[in-house]
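Q: I would like to learn how to read salt bridges in a model. Please take me through them with an example.

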Amino acid sequence: MTEAHGAAHAEALLREWTNNESLVKHGLAVAACTESYGVREAERLGLTGAEADKLAETYRCAGLLHDFDYDRHPTPEEHPFVGVAYLREHGWPEEVLHAILAHADYTGVKPESHLDRALFACDELAGFLTACALVKPSRSISDVEVSGVRKKMKDKGFARAVKREDITLGAELLGISVEEHIGNCIAAMQGKAAELGLGT
Ligand SMILES: [Fe+2]
């Protein structure tokens, strides 16, 4: 049994609900990036020890769970509403549910809190960085650099499903430059490269 409402529990739910392995990897990548903003936010708030860890874990949970219902319920009528209803019924914190609702632009819920903004900002970018890594001969995130990502963002034919304007808006919501945001997320994903299947 995993600890209720912790990251291990969130990851178990993601894996239980998701047969598509790249969607599991997407959840893990978004979790790594979003968690890194939780660590930064904890620092900014002057939190240390268990309090800092708890905040970062909340961010990680939002990343792990933002698409956990997508494999079973991919339509905009159901995703992420079915997942959020399940999580609410099982006592997950409202701040996590709000962030999950706010990551999809059609829910009517806007990114407000720092967690909402971080999740929104990391979702499309994590997918884009994965695509950038997978076209490297090494298929490794360690070979992905900010300048190359910026170039690929301008290449309309590359990873067409990723909305560039959401990456730009995400950085704006976080109050940082797109370059800084890309650098932060590359570093976060490099720290979890093996689990993401993007090198060692
Ligand atoms: Fe996503």
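Q: Is E94 buried or exposed, or partly exposed?

A: Bear in mind that this is a predicted model. Exposed means over 50% relative accessible area and buried means under 20%, with partly exposed in between. E94 has a relative accessible area of 47%, so E94 is partly exposed.

Q: Which residue forms a salt bridge with E94?

A: The criterion is a side-chain nitrogen of Lys or Arg within 4 Å of a carboxyl oxygen of Asp or Glu. E94 pairs with R88, and their closest N and O atoms are 2.9 Å apart. R88 is partly exposed, at 41% relative accessible area. Elsewhere, salt bridges with shared partners join E35, R60 and E195 into one network.

Q: How many salt bridges does the structure hold?

A: There are 9 salt bridges in the structure.

Q: Where do E21 and K25 lie?

A: Both belong to helix α2, which spans residues 21–44, and they are 4 residues apart, about one turn of the helix. E21 is partly exposed at 42% relative accessibility, and K25 is partly exposed at 25%.

Q: What separates E41 and R44 in helix α2?

A: They are 3 residues apart, which is about one helical turn. A salt bridge links E41 to R44, with 2.9 Å between the closest N and O atoms. E41 is buried, having 10% relative accessibility, whereas R44 is exposed at 60%.

Methods. Residues numbered from 1 in each chain as written. Predicted model: local features only at pLDDT ≥ 70, side-chain atom pairs only at ≥ 80, totals over all residues. Heavy atoms only, no water. Helix = DSSP H or I, 4+ residues; strand = E, 2+ residues; numbered from the N terminus. Buried < 20%, exposed > 50% of the residue type's maximum accessible area, 1.4 Å probe, protein only.
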